[in-house]
Amino acid sequence: MSVDLSQFHQTFFEESSEGLDEMESGLLALKIGADNEETINTIFRGAHSIKGGAGTFGFDAIAGFTHVMETLMDEIRGGNKKLSQEIIEAFLQSVDCLRDMMMIQQYNEEHDMDRVNAMQAELERLLYEGKTEEEIAAVDEEITEDEFEALLDQLHGPVGGTEETTVVIEPSADTGDFPSESEYQEILDQLPGGDDSGWNISFKPDADLMGNGNDPLHIIRELEGLGDLTVNADLSALSSFEQMNPVDLGISWDMKLVTDSTEEIIREAFAWVEDSCDLELNHFGKTADQAVTAEKESTMAEKAVTQTAPAQQTVQQPEAEPKPAVAEKPASDIKPAVSNAPAATATKSTRPAGGDHAETASIRVATDKIDALINMVGELVITQSMLSQMGNNFEISDLPRMVDGLAELERNSRELQEAVMRVRMVPISFAFARFPRLVRDLGNKLGKNFELKLTGETTSSTKP
Amino acid sequence: MAVILAVDDSTSLRQMVTYTLKEAGYEVMEAVDGVDALSAAKEKEFDLAIMDINMPNMDGITLLKELRALPQYKHKPILMLTTESGEEKKQEGKAAGATGWLVKPFDPERLLSIIKKVLG
């Protein structure tokens, strides 16, 4: 089933615009040394939501940039980094940058990646300032420690195993650091092949595994999708029927799965219950190391590409086969943050001429206004129905009632009209929303302190 | 068809999840935060819930604990929907009673495969 995600883009841009306004207000309200917990949480959530949405809808440049903002704010709210005026200023500029990126994305134009990268570099500098390499790696956990160790092993020597298989990786002249697809295929061909191969799986769940809504059947279904599965259930620990608790498991399973899937993929099926079971995987057929090595190379290559330039994946056409990690790249260069993301989508379209194209085409309406409208329409329908009934069997003696009914209809119509007009009314503060930031930046530029006072901002006005 | 509760303060993501699930034939209840979700869950029983962690008013972890305290949801599948793939948040979710998680960003196909895995 294919879903056209573009139908949700406009909503994403509108809510992101509101989110950025909230972030900016929050940043302007922050005071060094004061209790800013709630405000910092609001700012964090803003970045978090934008990142999640951007990633889901494929706006990788925005997702990558917001990820750094989110990470830095998370460090602050977790107490791992102190809030400073420098950080606040950097965030305010990041909000401006993100606003522009949203507008550019909306019209499918090219991002000014020099500006984005410069801003991102500044955020990363603030994020990693004063941290050791271990702390830097711990800040962003997109690569696990085991995978990192395995990557280091790959870089400094062959992966261990009972049978050493030396895999030769020659950098391609055309593709720079990564071997080409044909070279990678050559590497795979060097590995010995096999007949049926797969995994013997021993799965012993804890008795309370089903307590949180997990069900071994989910896992077995997922394994069935990976290959040819044979399942044997061990019922020896099952309680008698009289003593049985339907939520407690007393069953364990031994399974044989004929598949080319790697251990990592098999374990993924058990990811939700790994702490609630004893799980053993034993490979049969093609040697475990050969199967694991080939997949680890491709998995680490995928992660290495993701670590260094996630945004590039939107522009480079990803290879059908993943590439092995590159020997030349030193481990210290592998950082979770994005550093050089090229332009996003290349399709250009012209922005509408004239006017403020950043203006959203929707307004928020309080639910009590909607409730009032619904009530009034209800009364109008009743009045109309009464008049209609009167008209069907009209007699002259009904004339006074008709006059009253028409007066009621007029009153309902007028009230409905006024209620609809009120729907477009918003607090006038929206017109002055940018003033606090404007005054602040002006003060910074002139080296003066300004105090901006807004009164009467709740006065309603029609939104143009 | 199964009833799914989708909780996320992001309108666009919530719309995407709702649309995807409805197209696949599920009945969907939407909520914008934990307070809204708890109210909806008390009014109508769901078969599975998907919820964001970071939400205003009541976050996903607190919502999870509140739901698990209700007898009808003690053992229902509840998935955390989050961009945070860090181990700490996962463990926090598990300790609060989460069935599992789905890490953002995800595409509609991934969402449906997870739902099918859990609901069958």
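A:T383 counts as buried because its relative accessibility is 5%, where buried means under 20% relative accessible area, exposed over 50% and partly exposed in between, with a 1.4 Å probe and protein chains only. The model is a predicted one, in which local features need pLDDT of at least 70 and side-chain atom pairs count only at pLDDT 80 or more, while totals for chains, interfaces and linings use all residues. Residues are numbered from 1 along each chain as its sequence is written, chains are lettered from A and ligands numbered from 1 in the order in which they are written, and side-chain values use heavy atoms, with hydrogens and water left out.

A:T383 sits in helix α12 (residues 367–392) of chain A; helices (H or I, at least four residues) and strands (E, at least two) are DSSP runs, numbered from the N terminus. Leaving aside residues up to four places away in sequence, A:T383 touches A:G405, A:E408, A:L409 and A:N412, a contact being heavy atoms within 4.5 Å.

Next comes helix α13 (residues 399–423) of chain A. Buried in α13(A) are A:M402, A:G405, A:N412, A:L416, A:A419 and A:V423. These buried residues pack against α12 and β5 (425–427) of chain A.

Chain A also has an open sheet of 4 strands, ordered β2-β3-β1-β4 with antiparallel pairing; two strands pair if DSSP finds at least two bridges between them. At the edges stand β2 (228–234) and β4 (277–284) of chain A, each with a single partner strand, so one side of each has no neighbour in the sheet. From one strand to the next, the twist averages 15 degrees. Strand β1 (residues 198–205) of chain A runs antiparallel to β4(A), with 8 bridges joining them, and A:W199 stands opposite A:H283 in β4(A). Helix α9 (residues 216–224) of chain A lies across β1, β2 and β3 (252–258) of chain A, at about 10 degrees to β3(A); axes are lines fitted to C-alpha atoms, for helices over the stretch in contact, and angles run from 0 to 180 degrees between N-to-C directions.

As for chain B, its 5 helices and 5 strands follow the order β-α-β-α-β-α-β-α-β-α from the N terminus on. Of the 120 residues in chain B, 61% are buried.
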